[in-house]
Amino acid sequence: MAPSTLAEKVWERHVVRRAEGEPDLLYVDLHLVHEVTSPQAFDGLRLAGRAVRRPDLTLATMDHNVPTAPGPEDPVSVRQMDALRRNCEDFGVRLFPTGHAGQGIVHVIGPQMGLTQPGLVIVCGDSHTSTHGAFGALAVGIGTSEVEHVLATQTLPQSRPGTMAITVEGDLPHGVSAKDVILGIIARIGTNGGVGHVLEYRGSAIRSLSMEGRMTVCNMSIEAGARAGLVAPDDTTFAYLEDRPHAPKGGDWERALEDWRGLVTDDHAAFDREVRIDATELRPYVSWGTNPGQTVTIDDAVPEPTDETAERALAYMGLQPGTRIREIRPDTVFIGSCTNSRISDLREAADVVRGRAVRPGLRAMVVPGSMLVKRQAEEEGLDRVFTQAGFEWRDAGCSMCLGMNPDQLAPGERCASTSNRNFEGRQGKGGRTHLVSPAVAAATAVAGHFCSPEDL
Amino acid sequence: MQAFRVHTGRAVVLDRADVDTDQIVQAEHLKRIERTGFGPFLFAEWRKDPDFVLNRPESRGTTILLAGPNFGGGSSREHAVWALEDHGFRVVIAPSFADIFRNNCTKVGLLPVVLPPETVRALMDSVEANPSIELTVDLEGKRVTGAGIERLFEIDDYTRQRLLEGLDDIGLTLRHEDEVRAFEATRPSWLPTTA
């Protein structure tokens, strides 16, 4: 057999049907569902009199809309969550609703339960499905028509993507996190640098990352335009998975391990494209514009605009070229989202704020990625570290990443955010988002201007 | 799905790069559980500016959107396509599209047409100079004509055929039920279930 890449191996083992002139029909091992992109899909099934083919490979949670603090609930959000509850009942799909101990952001709970495993094809009606690629799964974000297709058939017709290696070699400098790795990658290849491709993150710097860190990297593959992103599974992956509730047990664990160890890109396998990055050149990054490619290091200044897109971005962000990043003062700090809301993210942020205080006048909040992450953090006392410093400590959900619940920026407000998108209005109409790592977000909350923990 | 063969209509120029789906329809409007009625939310923030191109009188009744490169990036929300469709658009022409957006378009029946940047620029210039120009997009012949321009575009035959006939993907896949069942029989027993 010709040498092949990891993405090609996972693809090949899921081909249900291959015919000349047609996209491959792929089998889906795990379909994750949330309240926003599914109601029309379930309605489509009802109209056609179709069932969910494999409820046992489907899991639903509420995350986008959910309130993360007590208060009046938006009736339109309630209606959407009620629709998910009814749909899951009618079609026999397991659901983690609000108030359930298992509830959380869809891309946090899959790995946490051990459902996300190497070599699977995973889909979800959400572009950050790429997160699950951290385990060596092929994880693809899909639209609502495709959600309906997967519900009805457990398969998905897919045109073959290209393959792209992103090799980050060397030791990451002190203070450079997984978030900085992916922001640095996107700053180099651009927001459309990965279009049509599955990215495989490789090299010693990637290997050195924890599973949480790899999830952060893979999560933002879509921000480079990629169809998916993945990392070959290794001992770090297996150690993370072992004993998780849905991981294989006993003899099955041994069989699974044997299979998973083969999930690597073969020597001499050819990628369609390759990018090499020297890890020692990476720094903590801060985005200045309105897409995740508009990013500079924390030591830089806001750049001179080179095109109309950059001019529009600067006007929207209310920034002047030449302003040092460290001189920019946010009103809000948000630590959360499917990019950076896992226990290790919260620990990193807590280490920075421990014994310190949030700058007066600044609003700072921590939104754990799942209720289990929240519970674990509380067991470790992180909640007290945050609340004593002046952070709000919330329930799990997508929250201020996309402002579908009451957690939003007011017009003109500026936010240091550990989320994934700095699009116009993403965190609230007129809101201005700067993407950063949890450590930079935490240090910024203390200082009142962008900075790294070393600056404190 | 709505079939697409040939469409003739007037175009509107949205001369911006990297228009993401958050701009096409913002998150607050994704709470609706209906499939229709998203048109009023299309570019809602930008439409607050009375000079925004969709607010100009000549834009009324346009059915073709001429857009900049990397159109439709970001969120996978199909609501973005529904909003464009509900507003009355049948075609989006751009130098490049984001993958998920383009895929969503072909499931709904909104035709995404990729043309070289210089051709899109020429079409934009012509339409801006004379908004009454009509363009014809012929999926059968894979051709865009109008404003003195005639240009072939590429689209894979499978997607083209599906759009021409308005075929439902699920119906097509269900024809292969035997193959799906045969595949399922080969899956290792240790693979996870959500039960």
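Which exposed residues does the face of α11(A) turned away from its buried side carry? In this predicted model, that face of α11(A) carries A:Glu308 and A:Ala315. Helix α11 comprises residues 308–317 of chain A, and its buried residues are A:Thr309, A:Ala313, A:Leu314 and A:Met317. When α11(A) is viewed down its axis, these buried residues fall within an arc of 135°, and they therefore line one face of the helix. An α-helix has 3.6 residues a turn, so residues three or four places apart point the same way. The partner of the buried residues of α11(A) is β19 (432–435) of chain A, against which they pack. Following the helix is A:Gly318, a residue with a positive phi, near 65°.

Helix α12 (residues 343–353) and helix α15 (residues 438–447), both of chain A, pack with their axes 8 Å apart and at an angle of about 30°. Because angles under 35 degrees count as roughly parallel, α12(A) is roughly parallel to α15(A). The crossing in which α12(A) passes α15(A) is right-handed. On the side of α12(A), the contact involves A:Asp345, A:Glu348, A:Ala349, A:Val352 and A:Val353. These residues meet A:Pro438, A:Ala439, A:Ala441, A:Ala442, A:Ala443, A:Ala445 and A:Val446 in α15(A). Sorted by class, the contact of the two helices has ten nonpolar and two charged residues, with no polar residues.

The model also contains an interface between two chains. In that interface, 65 residues of chain A are in contact with 44 residues of chain B. Both helices and strands of chain A contribute to the side that touches chain B: β1 (15–17), β2 (24–27), α2 (39–48), β4 (58–61), α3 (75–91), α5 (144–153), β8 (155–158) and α10 (251–261) each supply at least two residues. Of this side of chain A, the largest share comes from α5(A), with seven residues. By class, the residues of chain A that touch chain B divide into 27 polar, 21 nonpolar and 17 charged.

Chain B itself has a secondary structure of eight helices and seven strands. Its C-alpha trace spans about 65 × 40 × 25 Å along the principal axes. Chain B has 195 residues, of which 43% count as buried. Among contacts in chain B between residues at least 6 apart in sequence, 73% join residues at least 24 apart.

Notes
Residues are numbered from 1 along each chain as its sequence is written. Chains are lettered from A and ligands numbered from 1 in the order in which they are written. This is a predicted model: local features need pLDDT of at least 70, side-chain atom pairs count only at pLDDT 80 or more; totals for chains, interfaces and linings use all residues. Axes are lines fitted to C-alpha atoms, for helices over the stretch in contact, and angles run from 0 to 180 degrees between N-to-C directions. Helices (H or I, at least four residues) and strands (E, at least two) are DSSP runs, numbered from the N terminus. Angles under 35 degrees count as roughly parallel, over 145 as roughly antiparallel, 65 to 115 as roughly perpendicular and the rest as oblique. A crossing is left-handed if the near helix is turned anticlockwise from the far one by less than a right angle, and right-handed if clockwise. Two residues are in contact if their C-beta atoms, placed from the backbone, lie within 7 Å. Ala, Val, Leu, Ile, Met, Phe, Trp, Tyr, Cys and Pro count as nonpolar, Asp, Glu, Lys and Arg as charged, and the others, Gly among them, as polar. A residue is buried if 20 or more other C-beta atoms lie within 10 Å of its own, exposed if 12 or fewer, and partly exposed in between; C-beta atoms are placed from the backbone. The arc is that of the directions from the helix axis to the C-beta atoms.
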